[in-house]
Amino acid sequence: MGAAEPVAEREEEEEVRERNERREEEEEEAEEVRVKDLEKGEVGLEEKVVRDNINNGEEFQLSMMQRLNPTNPLRVLVQNSTRVTTPSPSQFSQHSTQPRFTPTPQPSITTLNSRSYTNKISLFLFLVHMIIAIGLVGFLIFKGVQGILQASDVKRKEMKVLKFYLPQVEAASFLSITLAFAWQKALREWPKIMVPFILWSSFVLSISAGILLICFQKPPTDGIGVCFIAFAIGNGLYACWVTQRMGFCSRVLIKALEPVSKFPDINHPIYLMLGAGFIWMSLWILAVIGALNFYFPPLIIILLVLSLCWTAEVMRNVANITVSRVIALYYLRGMQSNTQFCFQRALTKNLGSACLGSLFVPTIEALRVVARALNLLEGEDEFMFSCAHCCLNVMQSIFRYGNSWAYVQIAAYGKGFVRASQDTWGLFERQEIVPVVDADMTSSICFLTGVCSGSICVIVAAAWTARVHQSFTATISLLVFFIGYLMTRIAMAVPHACVGCYYVCYAENPDNRIFDKTIKDRLQMIQTGRDVVVPTPRNPRRYNNPT
């Protein structure tokens, strides 16, 4: 009995050890199975469907484990019920080395608030010119006052000029400002009536001024009168040639002038420019009188005239850029800009472009008109017409680098004058609206409006001067025509800029809801041959039809 008890105790211990070993083996097997399940993602899960309607409306399944393991993160299954294998730590390290997705940078929108100054060299030259001009005008006024105070022949001459010369010129300045706003207001209110009225009024008024000057029977007035009549004949031929364009020009003016009513202060820069122009011209006239008491009066007066031309043209283009920015931002961004801020910007950052354009655009456009007129003629002289054809091609090439359409992009984007000219003409070519733009009459209407005002000033001043001092008639007639033309062109910057913005902004975004089908219908008529308008001459017919 005593020996059997230790044996039983040993057997019980062995059974307990075996049970423990089997339990440990079972636990190890269970652990291995659990590890395999964890790696395969086959542990019992409680699935929860989460719908994400914020981003893209796709359906996600978020699988949440009952017992989380720090080595097994949550798994997301996209658009199907198949469980995704959870990556192991080694796989995490592999994925972490892969490059992350970086979004493709989108092209930046051209800024509408450029802070750089454009065409700085032209700006510097104009400022130097103004300093010299102000100094010269001040000096000549001093010489004029000095001549009046001295008892000599110079005093008598200057007093006579002041008495019979200055009143007519000052009256012409006031009259031209009044006419300028009258033309602008009438064109804005009744464009359909005013387009043909301006075309034929310029013919009637210029030929009337020419006939009046010839009636004085003086060689100087006869010469000026013949020039007026010759211009009137050309003006009449042009009015007959563009008769069938008038309807489209009126429709474009009506559409282009619609935004003006949204900006009641859009004429404020025009008031300032005309006020500054009147003051400067008054001082300029006194300087011309003072030049009579200085060396080389003809040369000094010619220099003063050239300076006044550039200054007045810069004033007009500053007004043009101001209005262009206001209207262009309305078309491009739907913004109602502050006119005063646009005016300050045109007087500072964009002044260099206005100065450069004022130097070259009138010359380029005038030469282009002459080249086109030569190509209208027919004859047997092959050499002359070959030269005309060559000159027209040259002017067409130069026109791409300097044209009045550039002021819209100068105002909107702050580009330089040459780059803005190239970009704008490139827009017209890409949209295939060059025939429409090239035949636009707005610039001609604005030009002829200035001619009308100048002719009215000539008729009034010449009749007045002939009564008081006939020997001054020719000189005063030229001067008042010049003043009337320049003042009116400054005021007509509003319709000119509006039409320019209409074409350029249309070319930039033809699908803008602001624009109707006016340009599209016109272009379609030209392309289908249903347009009855005589095309703008580019080449002589002999080059278009070799046979």
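Six salt bridges are present in the structure, a salt bridge being a side-chain nitrogen of Lys or Arg within 4 Å of a carboxyl oxygen of Asp or Glu. The structure is a predicted model, in which local features need pLDDT of at least 70 and side-chain atom pairs count only at pLDDT 80 or more, while totals for chains, interfaces and linings use all residues. Residues are numbered from 1 along each chain as its sequence is written, and side-chain values use heavy atoms, with hydrogens and water left out.

One of the salt bridges joins Glu313 to Arg316, with the closest N and O atoms 2.3 Å apart. These two residues are 3 positions apart in helix H10, so about one helical turn separates them; helices here are DSSP runs (H or I, at least four residues), numbered from the N terminus. Both Glu313 and Arg316 are buried, where buried means under 20% relative accessible area, exposed means over 50%, and partly exposed lies in between (1.4 Å probe, protein chains only). Another salt bridge brings together the side chains of Glu429 and Arg400, at 2.5 Å from N to O. Here the pair links distant parts of the chain, with Glu429 in helix H15 (residues 417-430) and Arg400 in the loop between helix H13 (382-399) and helix H14 (406-413). Glu429 is partly exposed at 38% relative accessible area, and Arg400 is also partly exposed, at 30%. Asp423 forms a salt bridge with Lys415, with 2.8 Å between the closest N and O atoms. A network of salt bridges links Lys415, Arg419 and Asp423.

Turning to the aromatic residues, 22 aromatic pairs are found. Rings of Phe, Tyr and Trp (its six-membered ring) pair if their centres lie within 6.5 Å, and planes under 30 degrees apart count as stacked, over 60 as edge-to-face and the rest as tilted. Phe228 and Phe481 form an edge-to-face pair, because their planes stand at 90 degrees, with ring centres 5.3 Å apart. This pair spans 253 residues of sequence, from Phe228 in helix H7 (residues 219-241) to Phe481 in helix H18 (residues 473-491). Phe228 is buried at 10% relative accessible area, and Phe481 is partly exposed at 22%. The rings of Tyr331 and Phe515 are tilted, since their planes meet at 35 degrees, and their centres are 5.1 Å apart. Tyr331 and Phe515 are both buried, and they belong to one aromatic cluster whose members include Trp405, Phe428 and Tyr503.

Of its 138 residues, Tyr165, Ile327, Phe428 and Tyr503 touch the most other members. Helix H10 (residues 297-333) supplies the largest share of this core, 18 residues. Beyond its neighbours within four places in sequence, Tyr503 has contacts (heavy atoms within 4.5 Å) with residues including Phe248, Trp405, Phe428 and Asp440.

Trp183 lies in helix H5 (residues 166-189) and is buried, at 9% relative accessibility. Not counting residues up to four places away in sequence, Trp183 touches Cys452 and Thr488, among others. Cys452 is itself buried, at 0% relative accessibility.

Terms used. A nonpolar core is a set of buried Ala, Val, Leu, Ile, Met, Phe, Trp, Tyr and Cys residues joined through side-chain atoms within 4.5 Å.
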